[in-house]
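Have a look at the model first.

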Amino acid sequence: MRLLVLGGSVFLGHAFVSEALRQGDLVTTFNRGRSGTDVPGVEIVRGDRENDDDLRRLVEGRRWDAVVDTCGYVPQVVGRSARALSGHADAYLFVSSIHAYADWPEHRVDEGSALHPCPSDAGPDSDVPYNALKAGCERAVEAGFDGRVLILNPGLITGPREQVPRLTWWLTRIASGGPVLAPGDPGRAMQLVDARDIAAFGLDRLTAGTTGRFLVSGVPGNTAFGTLLEECVRATGSDAAPVWVDDAFLLERGVAEWTELPMWAPHGPEMAGVWLPSSDKALRAGLRCRPVAETVRDTWAWIRDENVAADRAAERGQGIDHEKERRILAAWAAAHGSGAGAG
C-alpha cells in the first residue's frame with residue numbers, strides 16, 4: 001500500500017510506520033518534526049495539520065491508498081485534515097480511544113455503546129473534556145472524508161516507546177529495587193494491548209478494505225496486576241519486593257488513582273468496567289495480541305537501549321513521589337505489625 005501517516009514519529013504512529021515498512025508498504029509521514037524521529041525509509045513531509053497551506057502542499061500531486069491518523073485530538077483540526085485528504089486517499093483510519101465511550105470506565109463497553117456527545121466542529125477553545133473531544137474527532141472524520149472510514153478505539157496501550165509512561169514508570173521504579181508500593185488486589189484482572197499489535201491489525205484491516213469501528217483493548221484478563229509486577233521484576237532482574245496495600249488505605253492517604261500508581265483502578269462503581277471492554281469483534285477479525293510478558297521485556301529493553309530517564313514519568317504526571325511512597329509503606333507496616341516497607 002501507499003500510506004500517509006499523520007504523525008508517525010512517536011509510539012503508536014511509530015509502530016504503524018515500522019510495521020508498514022516491514023510489510024513493504026510505501027510510507028509518507030506528515031508532522032512538524034518536533035516530537036520524535038521519523039523511521040528511516042519514509043518520505044517525510046514537514047508541516048502542521050492546523051495550517052491550511054501546509055495541508056495543500058501535502059496533498060498537491062500526491063495520492064495514497066490510505067491515511068493513518070494517530071494524532072487527532074481536536075474535532076475542528078481533524079475535520080480540516082479529513083476534508084483536505086478527500087480525493088487524495090481511498091481510506092482513512094482514525095485511531096480514537098476507549099475514552100470516547102460515554103459509559104467507560106463505569107461499565108463494560110463494546111462497539112455499540114454510546115459515544116460522548118460532541119459536535120464534529122468543536123474547536124480547541126471549546127468547553128469540552130478530552131473524552132468527548134475524541135468522540136467529536138470520530139464524527140469529524142466520518143463527516144469530512146469522502147471514502148472508506150475505519151475507526152479503532154484502543155484500550156490501555158503499552159509497549160516500547162510508550163508515550164504516557166505507565167508501564168515505563170513501573171519498570172524503572174522496580175528496577176531501583178527495594179520495597180515497592182503495590183496497589184490494591186494483586187489478582188485484579190487487567191486487559192492491556194501492545195501498540196505493535198494495534199498497528200498490525202489496523203494495517204491488515206486497511207488491506208482488506210474494512211470499514212466501521214473496532215474496539216482494540218486486548219485479550220480480557222491477559223494479565224493481573226500482581227503478574228504484571230512479577231514480570232517487571234523478572235525483566236529488570238532487580239531485588240524489588242512489591243508490598244500490596246489495600247485500596248482504602250491508599251485512598252485515605254490521598255493517592256491519586258490511575259496516575260500516582262499508574263494503571264491502579266480501585267474497586268468501586270466508578271471504575272467497575274475499566275478492565276472489561278469487549279475486543280470480541282476485533283479478535284474475530286484477526287487481532288492477535290502477544291503475551292504481556294513479551295511487551296514487558298521489550299519495553300525494558302527499549303528503556304535500556306534508549307537510556308530513557310527514570311524521572312520521565314513525572315513530566316507526564318505519572319508516578320508517586322518517593323518520600324510519599326516511603327511514608328505509606330511505613331504506615332502500612334506499622335498498622336499490620338510487619339517490618340515490610342518500613343525502611
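Helices (H or I, at least four residues) and strands (E, at least two) are DSSP runs, numbered from the N terminus. This is a predicted model, where local features need pLDDT of at least 70, side-chain atom pairs count only at pLDDT 80 or more, and totals for chains, interfaces and linings use all residues. Residues are numbered from 1 along each chain as its sequence is written, and side-chain values use heavy atoms, with hydrogens and water left out.

**Helix 3 against helix 4**

- Helix 3 (residues 75–85) packs on helix 4 (residues 130–144) at about 20°, with the axes 8 Å apart; axes are lines fitted to C-alpha atoms, for helices over the stretch in contact, and angles run from 0 to 180 degrees between N-to-C directions.
- Helix 3 and helix 4 are therefore roughly parallel (angles under 35 degrees count as roughly parallel, over 145 as roughly antiparallel, 65 to 115 as roughly perpendicular and the rest as oblique).

**Helix 1 against helix 6**

- Helix 1 (residues 11–22) meets helix 6 (residues 195–207) at about 55°, again with axes 8 Å apart.
- That angle makes helix 1 oblique to helix 6.

**Cysteines**

- The disulfide count is zero, a disulfide being a pair of cysteine sulfur atoms within 2.5 Å.
- Cys118 is in no disulfide either, with the sulfur of Cys137 nearest at 7.3 Å.
- Cys118 is buried at 7% relative accessibility, while Cys71 is partly exposed at 24% (buried means under 20% relative accessible area, exposed over 50%, partly exposed in between, with a 1.4 Å probe and protein chains only).

- Trp104 and Pro105 are joined by a cis peptide bond, omega about 10°, and Pro105 sits in the loop between strand 5 (89–95) and helix 4.
- Arg161 isn't a glycine, yet has a positive phi of about 70°; Arg161 is partly exposed at 34%.
- Met263, also not a glycine, has a positive phi of about 75° and is buried at 0%.
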